[in-house]
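Try each one before reading on.

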Amino acid sequence: MSEEETTEINEMVIKCPACAVEGIATSIMKEIEIPHFGKVLETTIQCEKCGFKHSDVISLEQNDPAKYTLEISKETLSVRVVRSQSATVTIPEIGVKVEPGPKSEGYVTNVEGILTRFESAVKKALQLFEDAESQKNAKNTLAEIQELIKGNGTATLIIDDPFGQSNIVSDDVIISEIPENELKELKTGFSHIEDR
């Protein structure tokens with residue numbers, strides 16, 4: 001039995017959401033059982049005409065809100081991480097945080113993959129902000145992330161998930177409840193419409 005077990009595959013040809021050409025994009029949906037996590041729906045849309053690609057991992061199970069905490073070190077770089085589209089990822093020691101938005105995507109990666117995502121985001125910030133203070137802060141943050149990727153030093157990886165759909169697959173992970181006051185402040189990435 002493989003580590004991940006695919007239970008159902010649905011493939012179809014659709015209109016590309018980017019270039020709007022009918023019958024050119026391939027949409028693949030796979031229901032996968034991930035050990036220590038549960039059932040997820042992995043979706044991929046690819047267009048051979050314009051090169052558009054979109055992937056997402058959506059949990060098919062809802063759990064209690066949970067905070068997952070792991071020490072990042074050389075030994076934990078390969079630890080598997082499942083981040084749902086509703087989770088906030090933080091490394092407090094270096095001041096980086098990603099909160100979910102309306103276009104937030106879930107993904108399966110490892111701790112090193114999380115660090116490289118932060119590295120890419122900081123590199124983009126370096127191009128966007130030209131003032132000396134922002135440049136200095138971004139360069140310092142980038143250097144700290146790159147040291148962690150090389151396995152030098154330690155920091156804390158925290159994933160706060162209001163729907164408990166994320167996971168860090170390690171015996172060293174600490175899973176705890178999210179205090180009610182913190183839970184109210186967490187973004188989910190979903191829009192809310194309130195009646196007046």
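**Exercise 1.** Find the bridge partner of Ala 66 in S10, then work out how S5 and S10 run.

*Solution.* Start at Ala 66: its partner in S10 is Asp 161. Bear in mind that this is a predicted model. Next, look along the pair: S5 and S10 are antiparallel, with 7 bridges joining them.

**Exercise 2.** Which residue of S10 is the bridge partner of Thr 88, and how many bridges join S7 to S10?

*Solution.* Thr 88 pairs with Asp 160. S7 and S10 also run antiparallel, joined by 3 bridges. Now check the cover on S10: 6 of its 7 residues are buried, taking buried as under 20% relative accessible area.

**Exercise 3.** Which elements give two or more residues to the largest nonpolar core?

*Solution.* First get the core itself: it has 29 residues, and those with the most contacts inside it include Ile 72, Ile 91 and Leu 157. Then sort by element: strands S5 (66-72), S7 (88-91) and S10 (155-161) each give two or more residues, and so do helices H1 (111-128) and H2 (132-149). H1 supplies the largest share, 6 residues.

**Exercise 4.** Leaving aside neighbours within four places in sequence, what is Ile 72 in contact with?

*Solution.* Go through the list in sequence order: Leu 77, Ile 91, Val 111, Leu 115 and Leu 148 come up, then Gly 153, Thr 154, Ala 155, Thr 156 and Leu 157. Finally, zoom out: of the chain's contacts between residues at least 6 apart in sequence, 62% join residues at least 24 apart.

How values were computed: Residues are numbered from 1 along each chain as its sequence is written. This is a predicted model: local features need pLDDT of at least 70, side-chain atom pairs count only at pLDDT 80 or more; totals for chains, interfaces and linings use all residues. Side-chain values use heavy atoms; hydrogens and water are left out. A nonpolar core is a set of buried Ala, Val, Leu, Ile, Met, Phe, Trp, Tyr and Cys residues joined through side-chain atoms within 4.5 Å. Buried means under 20% relative accessible area, exposed over 50%, partly exposed in between (1.4 Å probe, protein chains only). Helices (H or I, at least four residues) and strands (E, at least two) are DSSP runs, numbered from the N terminus. Contact means heavy atoms within 4.5 Å. Two strands pair if DSSP finds at least two bridges between them.
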